[in-house]
Amino acid sequence: MAVFDTVEQAAAEGVKLFLEAARDALAARGRFSVALSGGSSPVPLFRHLAEQAPRAGIDWGAVHIFWADERCVPPDHAESNFRLADELLLSKLPARGPVIHRIAGELFPEEAASCYEADLSRSFAEDEIPVFDMILLGIGSDGHTASLFPGMDLDRCSGRKAVAVYVEKLHSHRVTLTEPVLSRARHLVFLVTGVAKAAIVAEILGNRKGLCYPASRVASSSAAVTWLLDAAAAGGIGHP
Ligand code: 6PG
């Protein structure tokens, strides 16, 4: 866990970890597979990464961009996680840009999930759980991550790579990677900022050890997880 004075500093560390993981993966496997999240937390990271990308020395054509989840909306919709990343980052990357593995939010949810699973099977070894080099996650103040929300039966979908879910309180159909895929990433990075997350962060990372939340289940079963927090989000826990 790393705590930074500001959101910008936490995001800058996220960029540093992203580029380090990319260099390592490209050197080791000739390819870097990363899954992004939506929401507001990744915005400064996308912006910083777009600025640094041209001089990062990365072969972006060997980078495969996926999503941890997507809202079931068209790619040009204001709620689209693809649109967010495309506007702030993907459209600004050097030529021979990354290979984009978009979740087809414009399809019916179950069809979008099946198409994404087929893409994952093609992109990773067919029957295994996809092992991403990095997955960038946020958490909600209710302890959700990606689109795995409290109250969902995560075990029911553990045999799938991606599933369609309906988030009642948001009146939102979504497609999400499942817990086994999220926790198998070579490097899981939670970027959590803002005072609204202080209580959930204190439960998950503080002495109250809230292991009942999807975010804590994913984190606790991951072999390599980094929490990047700003001081506001870390306000409820003692800093080492
Ligand atoms: C999404 C995200 C979601 C997000 C959290 C935190 O599609 O909305 O994948 O899991 O990470 O809801 O959202 P904020 O970063 O906006 O607080």
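**Ligand contacts and an aromatic pair**

Trainee: How far does a polar side-chain atom of Asn 81 lie from an oxygen atom of the ligand?
Mentor: The model is predicted. A pair of N or O atoms counts as a polar contact within 3.5 Å. For Asn 81, the distance from a polar side-chain atom to a ligand oxygen is 2.9 Å.

Trainee: What share of the area exposed by the ligand alone does the protein bury?
Mentor: Taken alone, the ligand exposes 420 Å². Of that area, the protein buries 88%.

Trainee: Which residue has a polar side-chain atom 2.6 Å from an oxygen atom of the ligand?
Mentor: Arg 71 places a polar side-chain atom 2.7 Å from a ligand oxygen. Ser 41, Asp 69, His 144, Ala 146 and Lys 197 come nearest among the 15 residues around the ligand. The distance of 2.6 Å belongs to Asp 69.

Trainee: How many polar residues does the shell around the ligand have?
Mentor: The ligand sits in the largest pocket. Its shell has two nonpolar and four charged residues, and the polar residues number nine.

Trainee: How many residues apart in sequence are the parts that the pair of Phe 66 and Phe 124 ties together?
Mentor: The whole structure has eight aromatic pairs. Phe 66 and Phe 124 form a tilted one, with 5.5 Å centre to centre and 45 degrees between the planes. Phe 66 lies in strand 3 and Phe 124 in the loop between helix 4 and strand 6, so the separation in sequence is 58 residues.

Technical notes:
Residues numbered from 1 in each chain as written. Predicted model: local features only at pLDDT ≥ 70, side-chain atom pairs only at ≥ 80, totals over all residues. Heavy atoms only, no water. Near = heavy atom within 4 Å. Polar contact = N/O pair within 3.5 Å; in protein donor to acceptor, adjacent residues only side chain to side chain. Areas by Shrake-Rupley, 256 points an atom, 1.4 Å probe, with all protein chains shown as cover. 1 Å grid on protein atoms, 1.4 Å probe; cavity = no way out; pocket = protein on both sides within 12 Å on 5 of 7 lines; lining within 4 Å. Sits in = over half its atoms within 2 Å of the grid points. Nonpolar A, V, L, I, M, F, W, Y, C, P; charged D, E, K, R; others polar. Phe/Tyr/Trp six-rings, centres within 6.5 Å; stacked < 30°, edge-to-face > 60°. Helix = DSSP H or I, 4+ residues; strand = E, 2+ residues; numbered from the N terminus.
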